[in-house]
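Please look through the model shown here with these notes beside you. The points go from single pairs of side chains to strands, a helix and then the whole protein.

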Amino acid sequence: MPPIPAAQALSSDPVAHALAPHLLFHVGGTLAALPLAEVREVVRRPDVLDVPLSPPAIEGLINLRGTVTVLIDMGRVLGTTASTGASPAGDATRVIVLRGTRVGLRVDRVVGIVGLDGTRLERTGDGDAGFVSGTVPADGARPAISVLALDRVLGRVAARAARPAAAVAITGKAPAGGRTVAVAGGEDTLMLVSFEAGGEEYAVPVSAVREVVRLEGRREGRLARMPHGDGNLLGVATLRGRLVPLFDLRGLLGLEAGERADTAAARIIVLSFNGVRAGLVVDRAREILRVGGDLIDPVPPLFRQDSGEIEAICRLDGGRRLVSVLDPERLFQSEAVSRGLGPVEDDMGDDRAGAALAGAEAFVIFRLGGVEYGLPSSRVEQVLAVPDRLTEVPKAPAFIEGVINHRGAVLPVIDQRRRFAMPPAEIGRGRRIIVVAIGTVRAGLLVDGVTGVLRIAAEAIEPAPDLSPEQMALISRVANLAGDGAGRMVLLLDPAHLLDRREADALSGMDA
(Lines give C-alpha, C1' and ligand atoms only; values in the text may rest on other atoms or scores of the structure.)
Protein backbone atom coordinates (compact mmCIF):
# COMPACT_ATOMS: atom_id res chain seq x y z
CA MET A 1 0.00 0.00 0.00
CA PRO A 2 1.40 3.46 -0.87
CA PRO A 3 2.52 5.58 2.10
CA ILE A 4 -0.37 7.27 3.92
CA PRO A 5 0.29 10.27 6.14
CA ALA A 6 0.10 9.37 9.81
CA ALA A 7 -2.47 11.10 11.99
CA GLN A 8 -2.33 11.65 15.72
CA ALA A 9 -3.61 8.72 17.80
CA LEU A 10 -7.01 9.35 19.32
CA SER A 11 -6.39 7.67 22.64
CA SER A 12 -4.01 8.50 25.48
CA ASP A 13 -3.87 4.84 26.51
CA PRO A 14 -0.14 3.97 26.67
CA VAL A 15 -0.80 0.29 25.88
CA ALA A 16 -0.16 0.16 22.11
CA HIS A 17 -2.05 -3.07 21.49
CA ALA A 18 -5.23 -1.47 22.87
CA LEU A 19 -5.40 0.77 19.78
CA ALA A 20 -6.84 -0.67 16.57
CA PRO A 21 -5.32 0.96 13.43
CA HIS A 22 -7.89 2.59 11.16
CA LEU A 23 -7.72 4.52 7.89
CA LEU A 24 -9.22 8.00 8.37
CA PHE A 25 -10.87 9.86 5.46
CA HIS A 26 -13.43 12.51 4.58
CA VAL A 27 -16.70 11.90 2.72
CA GLY A 28 -18.59 15.14 2.28
CA GLY A 29 -18.94 16.62 5.77
CA THR A 30 -18.35 13.25 7.47
CA LEU A 31 -15.05 12.19 9.00
CA ALA A 32 -15.05 8.40 8.66
CA ALA A 33 -12.76 5.50 9.48
CA LEU A 34 -12.24 1.94 8.27
CA PRO A 35 -10.20 -0.83 9.94
CA LEU A 36 -6.80 -0.87 8.26
CA ALA A 37 -6.95 -4.66 8.00
CA GLU A 38 -9.75 -4.22 5.41
CA VAL A 39 -7.62 -1.99 3.16
CA ARG A 40 -5.37 -3.28 0.39
CA GLU A 41 -4.18 0.04 -1.03
CA VAL A 42 -5.12 3.67 -1.70
CA VAL A 43 -4.88 4.99 -5.28
CA ARG A 44 -5.85 8.02 -7.30
CA ARG A 45 -9.18 7.72 -9.08
CA PRO A 46 -8.59 6.33 -12.59
CA ASP A 47 -11.00 6.59 -15.50
CA VAL A 48 -14.39 5.09 -14.67
CA LEU A 49 -16.54 2.99 -17.00
CA ASP A 50 -20.23 3.63 -16.38
CA VAL A 51 -22.34 0.45 -16.19
CA PRO A 52 -26.05 0.86 -17.01
CA LEU A 53 -28.70 -0.79 -14.81
CA SER A 54 -26.42 -0.53 -11.76
CA PRO A 55 -27.53 0.55 -8.26
CA PRO A 56 -27.27 4.34 -7.70
CA ALA A 57 -24.31 4.02 -5.32
CA ILE A 58 -22.20 2.22 -7.94
CA GLU A 59 -20.14 4.76 -9.87
CA GLY A 60 -18.90 2.18 -12.38
CA LEU A 61 -15.92 -0.07 -13.12
CA ILE A 62 -12.22 0.79 -12.96
CA ASN A 63 -9.22 -1.16 -14.20
CA LEU A 64 -6.57 -1.54 -11.52
CA ARG A 65 -3.49 -3.15 -13.07
CA GLY A 66 -5.57 -5.56 -15.10
CA THR A 67 -8.24 -6.27 -12.48
CA VAL A 68 -11.82 -5.17 -13.14
CA THR A 69 -12.91 -3.44 -9.94
CA VAL A 70 -16.29 -2.07 -8.82
CA LEU A 71 -16.17 1.55 -7.65
CA ILE A 72 -18.62 2.59 -4.92
CA ASP A 73 -19.21 6.32 -4.39
CA MET A 74 -19.28 6.70 -0.60
CA GLY A 75 -20.82 10.15 -0.95
CA ARG A 76 -23.92 8.52 -2.40
CA VAL A 77 -23.88 5.73 0.19
CA LEU A 78 -23.75 8.10 3.16
CA GLY A 79 -26.13 10.63 1.65
CA THR A 80 -23.62 13.45 1.27
CA THR A 81 -23.06 15.29 -2.01
CA ALA A 82 -22.47 12.71 -4.74
CA SER A 83 -19.12 12.94 -6.46
CA THR A 84 -19.38 13.47 -10.19
CA GLY A 85 -16.96 13.54 -13.10
CA ALA A 86 -13.28 12.80 -13.28
CA SER A 87 -10.85 14.00 -10.64
CA PRO A 88 -9.00 17.10 -11.88
CA ALA A 89 -5.27 17.44 -11.49
CA GLY A 90 -4.33 18.10 -7.90
CA ASP A 91 -7.66 16.82 -6.60
CA ALA A 92 -7.46 14.89 -3.33
CA THR A 93 -10.11 12.32 -4.32
CA ARG A 94 -8.89 8.78 -3.65
CA VAL A 95 -10.05 5.20 -4.09
CA ILE A 96 -9.68 2.86 -1.12
CA VAL A 97 -9.24 -0.64 -2.55
CA LEU A 98 -10.58 -3.30 -0.19
CA ARG A 99 -8.57 -6.38 0.65
CA GLY A 100 -9.77 -9.71 -0.78
CA THR A 101 -12.44 -8.16 -3.03
CA ARG A 102 -12.85 -6.47 -6.39
CA VAL A 103 -14.29 -3.34 -4.76
CA GLY A 104 -12.99 0.20 -4.27
CA LEU A 105 -14.52 3.05 -2.22
CA ARG A 106 -14.37 6.57 -3.62
CA VAL A 107 -13.75 9.16 -0.90
CA ASP A 108 -13.04 12.87 -0.94
CA ARG A 109 -9.74 12.89 0.94
CA VAL A 110 -7.59 10.49 2.94
CA VAL A 111 -6.28 11.93 6.24
CA GLY A 112 -4.03 9.13 7.41
CA ILE A 113 -3.78 6.19 9.81
CA VAL A 114 -5.04 6.52 13.38
CA GLY A 115 -5.37 4.25 16.38
CA LEU A 116 -8.92 4.01 17.74
CA ASP A 117 -9.70 2.94 21.28
CA GLY A 118 -12.61 0.49 21.11
CA THR A 119 -13.69 1.36 24.63
CA ARG A 120 -14.59 4.88 23.48
CA LEU A 121 -16.72 3.72 20.56
CA GLU A 122 -20.42 4.55 20.95
CA ARG A 123 -22.32 1.74 19.19
CA THR A 124 -25.12 2.63 16.81
CA GLY A 125 -27.01 0.93 14.04
CA ASP A 126 -29.10 3.83 12.83
CA GLY A 127 -26.67 6.53 11.79
CA ASP A 128 -25.97 7.24 8.09
CA ALA A 129 -28.64 4.82 6.85
CA GLY A 130 -27.24 2.04 9.03
CA PHE A 131 -23.81 2.01 7.35
CA VAL A 132 -22.00 3.18 10.52
CA SER A 133 -21.30 0.70 13.31
CA GLY A 134 -20.28 3.31 15.86
CA THR A 135 -18.97 6.81 16.53
CA VAL A 136 -15.95 8.11 18.40
CA PRO A 137 -17.25 11.29 20.11
CA ALA A 138 -15.79 14.67 19.24
CA ASP A 139 -13.55 16.50 21.65
CA GLY A 140 -12.10 19.97 21.62
CA ALA A 141 -9.38 19.06 19.10
CA ARG A 142 -11.31 17.09 16.46
CA PRO A 143 -14.78 16.26 15.16
CA ALA A 144 -16.60 12.98 15.74
CA ILE A 145 -15.45 9.98 13.71
CA SER A 146 -17.94 7.59 12.10
CA VAL A 147 -16.63 4.02 11.87
CA LEU A 148 -17.98 2.31 8.75
CA ALA A 149 -19.75 -1.02 9.01
CA LEU A 150 -18.15 -2.44 5.87
CA ASP A 151 -20.24 -5.60 5.86
CA ARG A 152 -23.43 -3.50 5.76
CA VAL A 153 -22.09 -1.29 2.96
CA LEU A 154 -21.16 -4.24 0.77
CA GLY A 155 -24.25 -6.22 1.74
CA ARG A 156 -26.63 -3.52 0.53
CA VAL A 157 -24.64 -1.96 -2.30
CA ALA A 158 -22.50 -4.61 -3.97
CA ALA A 159 -22.86 -7.91 -2.13
CA ARG A 160 -22.02 -10.26 -4.99
CA ALA A 161 -19.39 -7.97 -6.47
CA ALA A 162 -17.52 -8.11 -3.15
CA ARG A 163 -16.65 -11.79 -3.53
CA PRO A 164 -12.88 -12.48 -3.50
CA ALA A 165 -11.18 -11.95 -6.83
CA ALA A 166 -9.62 -15.40 -6.62
CA ALA A 167 -13.08 -16.96 -6.68
CA VAL A 168 -13.98 -15.41 -10.03
CA ALA A 169 -13.59 -17.91 -12.84
CA ILE A 170 -12.01 -16.33 -15.91
CA THR A 171 -13.73 -17.81 -18.92
CA GLY A 172 -14.31 -17.00 -22.54
CA LYS A 173 -17.41 -19.15 -22.78
CA ALA A 174 -20.06 -17.60 -24.94
CA PRO A 175 -23.62 -17.19 -23.68
CA ALA A 176 -26.25 -19.61 -24.85
CA GLY A 177 -26.94 -19.23 -28.52
CA GLY A 178 -23.66 -17.45 -29.28
CA ARG A 179 -20.86 -18.80 -31.44
CA THR A 180 -17.52 -17.75 -32.79
CA VAL A 181 -17.93 -16.33 -36.26
CA ALA A 182 -16.26 -18.37 -38.97
CA VAL A 183 -16.53 -17.54 -42.64
CA ALA A 184 -16.19 -20.52 -44.91
CA GLY A 185 -17.28 -21.51 -48.36
CA GLY A 186 -19.98 -23.81 -47.03
CA GLU A 187 -21.71 -21.20 -44.87
CA ASP A 188 -25.18 -20.02 -45.84
CA THR A 189 -24.20 -16.41 -45.18
CA LEU A 190 -21.05 -14.34 -45.39
CA MET A 191 -20.38 -11.59 -42.86
CA LEU A 192 -18.38 -8.71 -44.29
CA VAL A 193 -16.92 -5.34 -43.35
CA SER A 194 -17.39 -2.96 -46.27
CA PHE A 195 -15.46 0.22 -47.14
CA GLU A 196 -14.67 2.58 -50.01
CA ALA A 197 -11.46 3.22 -51.91
CA GLY A 198 -11.13 5.28 -55.07
CA GLY A 199 -14.89 5.62 -55.44
CA GLU A 200 -15.50 1.84 -55.40
CA GLU A 201 -16.90 -0.34 -52.62
CA TYR A 202 -14.95 -3.32 -51.29
CA ALA A 203 -15.28 -5.71 -48.37
CA VAL A 204 -13.32 -8.34 -46.45
CA PRO A 205 -14.62 -11.24 -44.33
CA VAL A 206 -15.21 -10.20 -40.74
CA SER A 207 -13.10 -13.19 -39.59
CA ALA A 208 -9.99 -11.41 -40.95
CA VAL A 209 -10.75 -8.02 -39.33
CA ARG A 210 -9.10 -7.23 -36.03
CA GLU A 211 -10.66 -3.76 -35.67
CA VAL A 212 -11.43 -0.52 -37.53
CA VAL A 213 -9.80 2.71 -36.29
CA ARG A 214 -9.48 6.32 -37.40
CA LEU A 215 -6.51 7.39 -39.46
CA GLU A 216 -6.57 10.94 -38.10
CA GLY A 217 -6.91 12.04 -34.47
CA ARG A 218 -5.72 8.78 -32.93
CA ARG A 219 -4.54 8.96 -29.34
CA GLU A 220 -1.58 6.69 -30.04
CA GLY A 221 1.60 7.49 -31.95
CA ARG A 222 1.47 9.25 -35.31
CA LEU A 223 2.16 7.49 -38.58
CA ALA A 224 5.90 6.97 -39.15
CA ARG A 225 6.53 7.07 -42.88
CA MET A 226 9.10 4.65 -44.27
CA PRO A 227 11.88 6.00 -46.54
CA HIS A 228 12.36 4.36 -49.94
CA GLY A 229 9.01 2.58 -49.68
CA ASP A 230 7.43 1.03 -52.76
CA GLY A 231 4.58 3.57 -52.66
CA ASN A 232 1.95 1.21 -51.27
CA LEU A 233 3.56 0.97 -47.83
CA LEU A 234 2.60 4.25 -46.16
CA GLY A 235 4.59 3.51 -43.03
CA VAL A 236 4.02 1.99 -39.60
CA ALA A 237 1.82 3.07 -36.72
CA THR A 238 1.37 2.01 -33.11
CA LEU A 239 -2.04 0.41 -32.60
CA ARG A 240 -2.88 -1.09 -29.18
CA GLY A 241 0.80 -1.12 -28.26
CA ARG A 242 1.95 -2.94 -31.43
CA LEU A 243 3.66 -1.74 -34.57
CA VAL A 244 1.44 -2.31 -37.61
CA PRO A 245 2.45 -1.67 -41.24
CA LEU A 246 -0.08 0.47 -43.12
CA PHE A 247 -0.79 0.02 -46.83
CA ASP A 248 -2.84 2.24 -49.13
CA LEU A 249 -5.60 0.04 -50.58
CA ARG A 250 -5.86 2.21 -53.68
CA GLY A 251 -2.21 1.53 -54.43
CA LEU A 252 -2.49 -2.21 -53.76
CA LEU A 253 -5.39 -2.46 -56.23
CA GLY A 254 -3.76 -0.22 -58.84
CA LEU A 255 -6.42 2.47 -58.51
CA GLU A 256 -5.78 6.12 -59.27
CA ALA A 257 -3.87 7.75 -56.44
CA GLY A 258 -4.52 11.23 -55.12
CA GLU A 259 -5.35 13.26 -52.06
CA ARG A 260 -8.42 12.14 -50.13
CA ALA A 261 -11.28 14.61 -50.27
CA ASP A 262 -12.25 13.90 -46.66
CA THR A 263 -9.26 12.84 -44.56
CA ALA A 264 -11.44 12.82 -41.41
CA ALA A 265 -13.45 9.94 -42.91
CA ALA A 266 -10.37 7.80 -43.67
CA ARG A 267 -10.09 4.61 -41.67
CA ILE A 268 -7.58 1.84 -41.00
CA ILE A 269 -8.95 -1.67 -41.47
CA VAL A 270 -6.65 -3.74 -39.25
CA LEU A 271 -6.40 -7.28 -40.64
CA SER A 272 -5.08 -10.37 -38.86
CA PHE A 273 -4.57 -13.59 -40.85
CA ASN A 274 -2.02 -16.41 -41.05
CA GLY A 275 0.11 -14.91 -38.26
CA VAL A 276 0.29 -11.53 -40.02
CA ARG A 277 -1.19 -8.20 -38.98
CA ALA A 278 -1.47 -5.27 -41.38
CA GLY A 279 -3.56 -2.15 -41.83
CA LEU A 280 -5.43 -1.12 -44.96
CA VAL A 281 -5.96 2.63 -45.29
CA VAL A 282 -9.32 3.23 -46.99
CA ASP A 283 -11.26 6.36 -47.89
CA ARG A 284 -14.30 5.54 -45.76
CA ALA A 285 -15.68 2.65 -43.70
CA ARG A 286 -19.25 1.82 -44.65
CA GLU A 287 -21.17 -1.05 -43.07
CA ILE A 288 -21.12 -4.48 -41.54
CA LEU A 289 -23.02 -6.74 -43.91
CA ARG A 290 -24.52 -10.20 -43.62
CA VAL A 291 -25.00 -11.49 -47.15
CA GLY A 292 -26.77 -14.67 -48.20
CA GLY A 293 -24.86 -17.15 -50.34
CA ASP A 294 -27.31 -16.72 -53.21
CA LEU A 295 -26.19 -13.07 -53.54
CA ILE A 296 -22.47 -13.89 -53.84
CA ASP A 297 -20.95 -14.74 -57.23
CA PRO A 298 -17.38 -15.72 -58.07
CA VAL A 299 -15.44 -13.32 -60.26
CA PRO A 300 -15.96 -14.28 -63.94
CA PRO A 301 -12.76 -15.83 -65.37
CA LEU A 302 -12.63 -13.16 -68.09
CA PHE A 303 -12.23 -10.43 -65.43
CA ARG A 304 -10.04 -12.32 -62.96
CA GLN A 305 -6.83 -10.45 -62.22
CA ASP A 306 -3.46 -12.18 -62.30
CA SER A 307 -3.07 -11.84 -58.53
CA GLY A 308 -6.74 -12.59 -57.81
CA GLU A 309 -7.23 -10.05 -54.97
CA ILE A 310 -10.98 -9.95 -55.66
CA GLU A 311 -12.48 -13.37 -55.02
CA ALA A 312 -16.21 -12.64 -55.28
CA ILE A 313 -18.86 -10.02 -56.04
CA CYS A 314 -21.89 -9.35 -53.81
CA ARG A 315 -25.12 -8.22 -55.46
CA LEU A 316 -27.06 -5.97 -53.09
CA ASP A 317 -30.18 -3.82 -53.45
CA GLY A 318 -31.48 -5.89 -56.33
CA GLY A 319 -28.18 -5.78 -58.17
CA ARG A 320 -27.91 -1.98 -58.08
CA ARG A 321 -25.08 -2.15 -55.57
CA LEU A 322 -22.03 -4.33 -56.23
CA VAL A 323 -19.41 -4.97 -53.56
CA SER A 324 -16.08 -6.60 -54.42
CA VAL A 325 -14.93 -9.11 -51.76
CA LEU A 326 -11.15 -9.08 -51.26
CA ASP A 327 -8.97 -12.05 -50.31
CA PRO A 328 -6.50 -10.70 -47.69
CA GLU A 329 -3.86 -13.35 -48.44
CA ARG A 330 -3.75 -12.58 -52.16
CA LEU A 331 -3.86 -8.86 -51.47
CA PHE A 332 -0.51 -9.03 -49.67
CA GLN A 333 1.21 -11.78 -51.66
CA SER A 334 3.37 -9.59 -53.95
CA GLU A 335 7.10 -9.57 -53.20
CA ALA A 336 7.23 -5.81 -52.53
CA VAL A 337 4.34 -5.98 -50.06
CA SER A 338 5.78 -9.07 -48.34
CA ARG A 339 8.99 -7.16 -47.64
CA GLY A 340 6.94 -4.53 -45.84
CA LEU A 341 5.22 -7.18 -43.73
CA GLY A 342 8.26 -9.26 -42.79
CA PRO A 343 10.26 -7.19 -40.26
CA VAL A 344 7.19 -5.84 -38.48
CA GLU A 345 5.62 -9.26 -38.18
CA ASP A 346 8.65 -10.57 -36.30
CA ASP A 347 8.68 -7.58 -33.97
CA MET A 348 5.03 -7.98 -33.12
CA GLY A 349 5.16 -11.65 -32.24
CA ASP A 350 2.07 -12.33 -34.36
CA ASP A 351 2.50 -16.08 -34.14
CA ARG A 352 1.61 -15.90 -30.47
CA ALA A 353 -1.17 -13.41 -31.17
CA GLY A 354 -2.59 -15.66 -33.86
CA ALA A 355 -2.64 -18.61 -31.50
CA ALA A 356 -4.38 -16.54 -28.84
CA LEU A 357 -7.03 -15.41 -31.33
CA ALA A 358 -7.74 -18.94 -32.54
CA GLY A 359 -10.49 -19.24 -29.93
CA ALA A 360 -11.47 -15.57 -30.07
CA GLU A 361 -14.96 -14.17 -30.45
CA ALA A 362 -15.85 -11.39 -32.86
CA PHE A 363 -17.88 -8.44 -31.58
CA VAL A 364 -19.38 -5.36 -33.19
CA ILE A 365 -18.23 -2.50 -30.96
CA PHE A 366 -20.43 0.56 -30.50
CA ARG A 367 -20.45 3.64 -28.29
CA LEU A 368 -23.00 5.21 -25.98
CA GLY A 369 -21.47 8.30 -24.44
CA GLY A 370 -17.93 7.44 -23.43
CA VAL A 371 -18.62 3.71 -22.90
CA GLU A 372 -17.89 0.94 -25.40
CA TYR A 373 -20.24 -2.03 -25.77
CA GLY A 374 -19.91 -5.22 -27.76
CA LEU A 375 -22.52 -7.35 -29.51
CA PRO A 376 -21.63 -10.82 -30.84
CA SER A 377 -21.14 -10.29 -34.56
CA SER A 378 -23.07 -13.50 -35.23
CA ARG A 379 -26.23 -11.66 -34.10
CA VAL A 380 -25.62 -8.50 -36.15
CA GLU A 381 -27.16 -8.40 -39.61
CA GLN A 382 -26.11 -4.94 -40.73
CA VAL A 383 -25.02 -1.50 -39.56
CA LEU A 384 -26.90 1.40 -41.17
CA ALA A 385 -26.57 5.15 -41.25
CA VAL A 386 -29.47 6.88 -39.51
CA PRO A 387 -31.93 8.29 -42.06
CA ASP A 388 -32.91 11.94 -41.94
CA ARG A 389 -36.26 11.00 -40.46
CA LEU A 390 -37.73 8.00 -38.67
CA THR A 391 -41.45 7.29 -38.98
CA GLU A 392 -43.14 7.73 -35.60
CA VAL A 393 -45.62 5.08 -34.47
CA PRO A 394 -48.58 6.23 -32.34
CA LYS A 395 -48.89 4.47 -28.97
CA ALA A 396 -45.60 2.63 -29.51
CA PRO A 397 -43.57 1.56 -26.45
CA ALA A 398 -41.56 4.42 -24.95
CA PHE A 399 -38.23 2.90 -25.94
CA ILE A 400 -39.15 2.84 -29.67
CA GLU A 401 -37.72 5.84 -31.52
CA GLY A 402 -39.64 5.00 -34.70
CA VAL A 403 -39.60 2.61 -37.65
CA ILE A 404 -37.79 2.47 -40.98
CA ASN A 405 -38.28 0.51 -44.17
CA HIS A 406 -35.46 -2.00 -44.31
CA ARG A 407 -35.30 -4.39 -47.24
CA GLY A 408 -39.03 -4.16 -47.76
CA ALA A 409 -39.96 -4.81 -44.13
CA VAL A 410 -40.86 -2.60 -41.18
CA LEU A 411 -37.89 -2.37 -38.81
CA PRO A 412 -38.55 -0.91 -35.32
CA VAL A 413 -35.68 1.24 -34.04
CA ILE A 414 -34.85 1.12 -30.32
CA ASP A 415 -33.22 4.14 -28.70
CA GLN A 416 -30.52 2.37 -26.69
CA ARG A 417 -29.80 5.48 -24.64
CA ARG A 418 -33.40 5.51 -23.48
CA ARG A 419 -33.17 1.81 -22.63
CA PHE A 420 -30.18 2.53 -20.40
CA ALA A 421 -31.80 5.61 -18.78
CA MET A 422 -29.16 7.88 -20.31
CA PRO A 423 -29.82 11.52 -21.27
CA PRO A 424 -30.53 12.22 -24.95
CA ALA A 425 -27.50 12.82 -27.14
CA GLU A 426 -26.98 15.55 -29.69
CA ILE A 427 -27.85 14.39 -33.17
CA GLY A 428 -24.59 13.79 -35.02
CA ARG A 429 -23.35 12.23 -38.24
CA GLY A 430 -21.72 9.37 -36.41
CA ARG A 431 -24.97 7.81 -35.14
CA ARG A 432 -25.77 4.37 -36.48
CA ILE A 433 -28.53 1.74 -36.42
CA ILE A 434 -27.35 -1.80 -35.66
CA VAL A 435 -29.76 -4.38 -37.09
CA VAL A 436 -29.91 -7.40 -34.77
CA ALA A 437 -31.94 -10.56 -34.32
CA ILE A 438 -33.55 -10.65 -30.87
CA GLY A 439 -35.22 -14.00 -30.47
CA THR A 440 -37.79 -14.26 -33.25
CA VAL A 441 -37.87 -10.53 -34.07
CA ARG A 442 -35.53 -8.13 -35.80
CA ALA A 443 -34.87 -4.63 -34.55
CA GLY A 444 -32.47 -1.74 -34.99
CA LEU A 445 -30.46 -0.37 -32.08
CA LEU A 446 -29.86 3.38 -32.28
CA VAL A 447 -26.35 4.10 -30.92
CA ASP A 448 -23.96 7.06 -30.82
CA GLY A 449 -21.40 5.45 -33.11
CA VAL A 450 -19.94 2.14 -34.28
CA THR A 451 -16.21 1.60 -33.81
CA GLY A 452 -15.98 -1.54 -35.93
CA VAL A 453 -15.41 -5.24 -35.45
CA LEU A 454 -13.04 -6.45 -32.76
CA ARG A 455 -11.87 -10.02 -32.22
CA ILE A 456 -11.30 -10.61 -28.51
CA ALA A 457 -9.25 -13.50 -27.15
CA ALA A 458 -11.01 -15.85 -24.74
CA GLU A 459 -8.60 -15.07 -21.90
CA ALA A 460 -9.49 -11.36 -22.10
CA ILE A 461 -13.18 -12.07 -21.39
CA GLU A 462 -14.33 -12.50 -17.81
CA PRO A 463 -17.61 -12.44 -15.89
CA ALA A 464 -18.91 -8.96 -15.20
CA PRO A 465 -19.31 -7.96 -11.54
CA ASP A 466 -22.82 -8.77 -10.32
CA LEU A 467 -24.35 -5.37 -9.57
CA SER A 468 -28.03 -6.06 -10.21
CA PRO A 469 -30.18 -8.84 -11.74
CA GLU A 470 -31.05 -6.59 -14.69
CA GLN A 471 -27.42 -5.76 -15.36
CA MET A 472 -26.27 -9.39 -15.08
CA ALA A 473 -28.95 -10.58 -17.54
CA LEU A 474 -27.87 -8.08 -20.17
CA ILE A 475 -24.19 -7.47 -19.36
CA SER A 476 -22.86 -10.74 -17.97
CA ARG A 477 -19.34 -10.41 -19.38
CA VAL A 478 -16.67 -7.74 -19.75
CA ALA A 479 -13.64 -7.66 -22.04
CA ASN A 480 -10.60 -6.54 -20.09
CA LEU A 481 -8.22 -5.22 -22.74
CA ALA A 482 -5.57 -3.81 -20.41
CA GLY A 483 -2.86 -5.08 -22.75
CA ASP A 484 -4.35 -3.19 -25.71
CA GLY A 485 -4.41 0.25 -24.11
CA ALA A 486 -4.65 2.17 -20.87
CA GLY A 487 -7.24 0.20 -18.94
CA ARG A 488 -9.64 -0.28 -21.87
CA MET A 489 -12.79 -2.27 -21.03
CA VAL A 490 -15.73 -3.24 -23.23
CA LEU A 491 -19.12 -4.27 -21.80
CA LEU A 492 -20.38 -7.34 -23.70
CA LEU A 493 -24.13 -7.54 -24.24
CA ASP A 494 -26.25 -10.66 -24.50
CA PRO A 495 -28.70 -9.97 -27.36
CA ALA A 496 -31.18 -12.52 -25.97
CA HIS A 497 -31.82 -10.18 -23.01
CA LEU A 498 -32.01 -6.86 -24.85
CA LEU A 499 -35.81 -7.13 -24.51
CA ASP A 500 -38.07 -8.94 -22.09
CA ARG A 501 -40.88 -11.16 -23.36
CA ARG A 502 -43.53 -8.42 -23.18
CA GLU A 503 -41.37 -6.00 -25.16
CA ALA A 504 -40.48 -8.68 -27.71
CA ASP A 505 -44.18 -9.40 -28.22
CA ALA A 506 -44.82 -5.70 -28.78
CA LEU A 507 -42.08 -5.56 -31.43
CA SER A 508 -43.40 -8.69 -33.08
CA GLY A 509 -46.78 -7.00 -33.43
CA MET A 510 -45.19 -3.95 -35.08
CA ASP A 511 -43.41 -6.16 -37.60
CA ALA A 512 -46.61 -7.98 -38.54
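Predicted model: local features only at pLDDT ≥ 70, side-chain atom pairs only at ≥ 80, totals over all residues.

1. Glu-41 forms a salt bridge with Arg-65, and their closest N and O atoms are 2.3 Å apart; a salt bridge here is a side-chain nitrogen of Lys or Arg within 4 Å of a carboxyl oxygen of Asp or Glu. The pair links distant parts of the chain, since Glu-41 belongs to strand 3 while Arg-65 sits in the loop between strand 4 and strand 5 (67-73), 24 residues apart. Helices (H or I, at least four residues) and strands (E, at least two) are DSSP runs, numbered from the N terminus. Glu-41 is buried, with a relative accessible area of 9%, whereas Arg-65, at 64%, counts as exposed. For these words, buried means under 20% relative accessible area, exposed means over 50%, and partly exposed lies in between (1.4 Å probe, protein chains only).

2. Residues are numbered from 1 along each chain as its sequence is written, and side-chain values use heavy atoms, with hydrogens and water left out.

3. Which residue meets the side chain of Glu-462 in a salt bridge? The partner is Arg-102, with an N to O distance of 3.0 Å.

4. Glu-381 counts as buried at 17% relative accessibility, while Arg-442, at 25%, counts as partly exposed. Elsewhere, salt bridges that share partners join Glu-196, Glu-201, Arg-286, Glu-287 and Arg-321 into one network. A search of the whole structure finds 20 salt bridges.

5. Strand 3, the strand of Glu-41, also has a place in an open sheet of five strands, which follow the order 3-6-7-5-4 with mixed pairing. Strand 3 (39-44) and strand 4 (58-64) stand at the edges, each with a single partner strand, so one side of each is left without a neighbour in the sheet. On average, neighbouring strands of this sheet are turned by 30° against each other, direction ignored, where the axes are lines fitted to C-alpha atoms and angles run from 0 to 180 degrees between N-to-C directions. Strand 3 runs antiparallel to strand 6 (residues 94-98), to which five bridges join it; two strands pair if DSSP finds at least two bridges between them. Within this pairing, Val-39 stands opposite Leu-98 in strand 6.

6. Strand 32 (residues 477-481) is mostly covered, as five of its five residues are buried. In a regular strand the side chains alternate between the two faces of the sheet. Both faces of strand 32 are covered, with Arg-477, Ala-479 and Leu-481 buried on one side and Val-478 and Asn-480 buried on the other. Strand 31 (residues 461-463) runs antiparallel to strand 32 and is joined to it by three bridges, and Ile-461 has Ala-479 as its bridge partner. Strand 32 also pairs in the antiparallel sense with strand 33 (residues 488-492), over five bridges, and Arg-477 stands opposite Leu-492 there.

7. Where do the buried residues of helix 2 (residues 150-157) lie? They are Leu-150, Val-153, Leu-154 and Val-157. Seen down the axis of helix 2, these buried residues fall within an arc of 90°, so they line one face of the helix; the arc is that of the directions from the helix axis to the C-beta atoms. The face turned away from this buried side carries the exposed residues Asp-151 and Arg-156.

8. For the protein as a whole, the secondary structure comes to nine helices and 33 strands. Of its 512 residues, 51% count as buried.
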